[in-house]
Amino acid sequence: MPRMESEQRVVTANGITQSVRVAGPPDGVPVLLVHGNCSSAAFWEPLVRRLPETLRIVAPDLRGYGDTQTAPVDATRGLRDFADDVAALLDEATLFPAPDVRPLVVGHSLGGGVAMSLLIDHPDRVAGLLLAAPVSPYGFGGTRDVAGTPTTPDFAGTGAGTANLDFVARLAAQDRGDDAQASPRNVLRATYVSDPASLGVDEELLLDSVLSTATGDDNYPGTSVASANWPGVAPGERGVLNALAPTYLRLADDLVAVAPKPPITWIRGDADVIVSDSSLFDLAYLGSLGAVPGWPGEAQCPPQPMVGQTRAVLDRYASAGGAYREVVLAGCGHSPHLERPAEFVAELLALTGVGSATTGGTRAAV
């Protein structure tokens with residue numbers, strides 16, 4: 001079984017110095033792993049150990065994470081700063097020696113949005129997508145229905161102003177303790193997975209990955225502005241959480257229109273508390289629980305139907321000639337590749353074969 005080799009430092013055509021981990025032979029079937037928010041390429045390490053040696057694994061640290069350059073994130077471009085960085089790696093012969101061979105792109109959480117953005121901008125460079133607990137194609141928070149209709153004109157309650165400031169401060173301080181609810185270790189245990197035991201011997205490795213997050217106005221969480229609408233904050237124009245806000249991240253129509261349409265597998269846990277129709281990170285849902293004061297009620301500010309939105313968009317993708325498969329893992333949280341690795345590997349390998357031979361949408365519960 002391969003392990004990710006010592007990281008390579010790659011200065012890509014867009015001028016960003018990226019740290020990239022590689023495993024497997026240069027002529028292996030290429031798989032590009034894109035990590036999520038508050039993590040890094042190291043978050044894939046437990047998965048990579050389980051993959052066959054015939055795969056060529058390329059796992060970059062996104063800007064502001066791991067050992068990649070802490071470059072600013074222009075939130076007004078959605079996730080395209082990240083997607084452009086990843087696209088630049090496709091032209092690096094040391095990483096992808098056969099330029100005519102397209103990789104399977106695997107994206108986790110925020111990385112799922114990066115993967116969708118990459119497909120939209122470079123459809124001829126992607127063999128397929130494996131979306132693991134991906135952010136909704138309509139962004140994170142601030143929308144009321146499966147069509148992505150805004151809750152307020154300024155998307156109040158989304159972006160950097162929704163971040164837990166204690167968590168941000170503890171990230172910046174490299175806090176490894178477990179004495180506070182907002183400590184990175186406890187957030188990892190309580191929200192990244194459904195069962196903390198699934199972290200196993202890799203907990204310290206994964207915590208290192210979380211703590212590699214660059215904090216500040218240009219990175220995590222970013223800037224915010226005041227809003228006259230509940231809960232009083234709206235997205236700014238810089239930083240990661242604003243790049244995820246539906247103000248700027250609206251991928252649905254472009255994803256449906258993309259051509260050609262490679263196969264997509266969407267894998268998620270039914271106990272996910274981050275990307276969920278009842279997300280503990282959605283202020284509208286927290287307001288409905290009484291955890292955020294002043295919630296104006298269901299009619300004005302319903303929780304975002306994140307899962308329903310993704311399904312509706314992928315159904316449209318299938319109706320337009322694509323193919324997708326939804327895999328729901330019972331009792332699994334936000335990190336299927338950590339919590340249910342056997343099922344995850346099986347879905348990944350299915351996509352690295354000849355791709356999906358079906359059209360339309362299918363759904364499987366495991």
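The structure is a predicted model. Its largest nonpolar core has 73 residues, and the structure holds 23 salt bridges.

- Strand E2 spans residues 17-23 and is mostly covered, with five of its seven residues buried.
- On one side of the pairing, E2 runs antiparallel to strand E1 (residues 8-11), and four bridges join the two.
- Within that pair, Thr 17 in E2 stands opposite Val 11.
- E1 and E2 form a hairpin with five residues between the strands. In this hairpin Gly 15 has a positive phi near 85°.
- E2 is also joined by four bridges to strand E4 (residues 55-60), again in an antiparallel arrangement.
- Here Val 22 is the residue that stands opposite Val 58 in E4.

**Nonpolar cores**

- In soluble globular proteins, nonpolar side chains tend to be buried together.
- In the largest core, of 73 residues, those with the most contacts inside it are Leu 32, Phe 82, Val 114, Leu 129, Tyr 220 and Leu 244.
- Helix H3 (residues 110-121) gives the most to this core, contributing seven residues.
- Leaving aside residues up to four places away in sequence, Val 114 touches Val 34, Leu 62, Leu 79, Phe 82, Ala 83 and Val 86.
- Another core, of 23 residues, lies apart from the largest one; Ala 41, Leu 51, Val 106 and Leu 348 are among its members.

**Salt bridges**

- Asp 81 and Arg 63 form a salt bridge in which the closest N and O atoms are 3.7 Å apart.
- This pair links distant parts of the chain: Asp 81 belongs to helix H2 (residues 80-89), while Arg 63 sits in the loop between E4 and H2, 18 residues apart.
- Both partners, Asp 81 and Arg 63, are buried.
- A salt bridge also connects the side chains of Asp 218 and Arg 238, at 2.9 Å from N to O.
- Glu 343 and Arg 340 meet through their side chains in a salt bridge of 2.7 Å, N to O.
- The two ends of that bridge fall in separate classes, because buried means under 20% relative accessible area. Glu 343, at 24%, is partly exposed, whereas Arg 340, at 17%, counts as buried.
- Salt bridges that share partners also join Arg 176, Asp 178, Arg 185, Arg 189, Glu 203, Glu 204 and Asp 208 into one network.

**Val 201**

- Where is Val 201 placed relative to helix H5 and helix H6? Val 201 lies in the loop between helix H5 (184-192) and helix H6 (203-211).
- Is Val 201 buried or exposed? Its relative accessible area is 85%, so Val 201 is exposed, the cut-off for exposed being over 50%.
- Val 201 and Glu 7 are 194 residues apart along the chain, and their C-alpha atoms are separated by 22 Å.

Conventions:
Residues are numbered from 1 along each chain as its sequence is written. This is a predicted model: local features need pLDDT of at least 70, side-chain atom pairs count only at pLDDT 80 or more; totals for chains, interfaces and linings use all residues. Side-chain values use heavy atoms; hydrogens and water are left out. Buried means under 20% relative accessible area, exposed over 50%, partly exposed in between (1.4 Å probe, protein chains only). Two strands pair if DSSP finds at least two bridges between them. A nonpolar core is a set of buried Ala, Val, Leu, Ile, Met, Phe, Trp, Tyr and Cys residues joined through side-chain atoms within 4.5 Å. Contact means heavy atoms within 4.5 Å. A salt bridge is a side-chain nitrogen of Lys or Arg within 4 Å of a carboxyl oxygen of Asp or Glu.
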